[in-house]
Amino acid sequence: MWNNQGYQNGQFNLYSYYVGYNPPTSVNPYPRFPSIHSQAFLSPFTYVVGDVTIQKNTYVGPFVSIRADEGTPFYIGSNSNLQDGVILHGLKDKYFEKNSKKYSIYIGNRVSCAHGALVHGPCRVEDAVFIGFKAIVYNAIIGEGSFISSGAVVTNGVELKPRSFVPPGANIDSQEKANVLGIVPETEEEFAIAVQRVNSEFPAAYSLYFGKNKCSCGLAC
Amino acid sequence: MWNNQGYQNGQFNLYSYYVGYNPPTSVNPYPRFPSIHSQAFLSPFTYVVGDVTIQKNTYVGPFVSIRADEGTPFYIGSNSNLQDGVILHGLKDKYFEKNSKKYSIYIGNRVSCAHGALVHGPCRVEDAVFIGFKAIVYNAIIGEGSFISSGAVVTNGVELKPRSFVPPGANIDSQEKANVLGIVPETEEEFAIAVQRVNSEFPAAYSLYFGKNKCSCGLAC
Amino acid sequence: MWNNQGYQNGQFNLYSYYVGYNPPTSVNPYPRFPSIHSQAFLSPFTYVVGDVTIQKNTYVGPFVSIRADEGTPFYIGSNSNLQDGVILHGLKDKYFEKNSKKYSIYIGNRVSCAHGALVHGPCRVEDAVFIGFKAIVYNAIIGEGSFISSGAVVTNGVELKPRSFVPPGANIDSQEKANVLGIVPETEEEFAIAVQRVNSEFPAAYSLYFGKNKCSCGLAC
């Protein structure tokens, strides 16, 4: 299969994404197709596989992988954004609960995952969290409104209180470290809100631009 | 729209990129199409959106996102390279000036952005700068010929003098830290020149290979 | 060539990858096409160029770049995995030997490269190594069964003894630092084995799912 037969000549300016079933494995035997709200937006070059729910008005940037082929299911709330190069994947058989349901990855509403962030299950990210450039969240619960700065790591089963502030490059790998985090400074809080707002315009704007999801009034809704 | 209808069967060996207008938003209401020199080179799986200028003989690697849909415009000079997975994006309403014009991201000539680097506007990167593996440049001015090592961060509005050397993993987040940086050692300077040279062969070589941009002599020029 | 002529309207759910020859340059004048085992698996949105060998049952995730257009050749053994966003590239004219042959990048069997790892030649990665999230291996020899934790860097020509353990975020840039690394703890060893096992199911499962490589019995082999 992987030879130069069937090679397509030419260069194409093309809007393509890949959305598909997870393949059956011993770990995850049931193929599921993602459930993506018609008013969410997938950029060109996004990859979404398996039991993934994406809610209304969430923006998924280019080169984002949402790969629920091992840990599963994934849930991503509304008005959230996964910026360029974000990766979501989960370990098998590891979960956190939300509303009495088990998730490999649960991401709430109005969550921003900035460029290059890695969110690896099991994890639960509550509403209005900001995850900075190239940060790693893995095996952690992130309380509502927390701010994880660029390049930081939150892991080892820690739980962050709501509005926790993780400084740039910090490595929060024990509950002791998590417990002594300060609360989000006002500047960062305002920044996170501004980022979320800008991104929340993208699903309608990009869809409108591409001629989809137009309201009868002619505008995106 | 996001369902399994219209799913394309089969696997395709395909050279595709995505170049398009930014969508109109409250932040950035005017759709602009990128202006890419015919002798620049876009690899398969590149994404370029909005008011972006890319000059002659610049190489853009696979999985590079140049997304001028918020901060804008972006300028990338000639004989530069954006290697695999590099991300360019900018904050709204933040600029640095160059030649009396405001840019979200200005990148000069002969600049190398190595694998996985993130260049986030506002920033101005002068000629012959080297930005290392997975480094972050965000809200900064980088003087000509500077060398930013792997995993380093330069941010918070700092300005680096020409030929500044940022060591691996350093976090330059204040002007005080920027002011005491040493100058680029000779080994790193030679390395940066060698990397730029190798990459500057790619636009013509890849284009030639793909049968485009041939000179009347039959060679790439 | 890079204008809005030829723009393809519509959004496509499409399984495409790019596999091609390296272009001839002064550094690397001979175009070679990758040699990929029919039972390896390339995900959608993978990029493989040049003199690259990928052996049986190796999984290549989305947004992985294996770009042998400068340093070359690359070899990747069987039952290995390159997860989402992994980048392989090599410097020109730099090699390590394996079995009396020179490689820019040699990766053995049962090696895991986790999400966002960068493996940059020259390097040799022996069997059963685990390379963690966003780690960097560049100009290094990694002994069999070693475990490189998330965000760590191994570089500057160091050689790691078999079963070396590199802690999270460590910067192993001298042989002195390499020499005093401990051996892999049992927990990490078990984790690495589990990750490799899960991933080794993917090539057959994904191929089966896509209706390729079926045995006469109807199952993937």
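So, Val60(C): it sits opposite Leu82(C), which is in strand 10 of chain C. Strands here are DSSP E runs of at least two residues, numbered from the N terminus. Strand 7 (residues 59–60) and strand 10 (residues 81–82) of chain C run parallel, joined by two bridges. That counts as pairing, since two strands pair if DSSP finds at least two bridges between them.

Before I go on, the bookkeeping. This is a predicted model, where local features need pLDDT of at least 70, side-chain atom pairs count only at pLDDT 80 or more, and totals for chains, interfaces and linings use all residues. Residues are numbered from 1 along each chain as its sequence is written, and chains are lettered from A and ligands numbered from 1 in the order in which they are written.

Back to the sheet. In chain C there's an open sheet of seven strands, parallel in its pairing, with the order 4-7-10-15-17-19-22. Strand 4 (41–42) and strand 22 (165–166) of chain C are at the edges with a single partner strand each, so each has one side without a neighbour in the sheet.

Now the contact between A and C. Chain A puts in 32 residues and chain C 37 residues, where contact means C-beta atoms, placed from the backbone, within 7 Å. On the chain A side, strand 1 (7–20), strand 7 (64–68) and strand 10 (87–90) each supply at least two residues. Strand 1 of chain A gives the most, eight residues. By class, that side has 20 nonpolar, nine polar and three charged residues. For the classes, Ala, Val, Leu, Ile, Met, Phe, Trp, Tyr, Cys and Pro are nonpolar, Asp, Glu, Lys and Arg charged, and the others, Gly among them, polar.

Last, confidence. The model scores ipTM 0.93 and pTM 0.94. pLDDT is the predictor's confidence in each residue, from 0 to 100; chain A has a mean of 92, with 90% of its residues at 70 or more.

Notes: Two residues are in contact if their C-beta atoms, placed from the backbone, lie within 7 Å. Helices (H or I, at least four residues) and strands (E, at least two) are DSSP runs, numbered from the N terminus.
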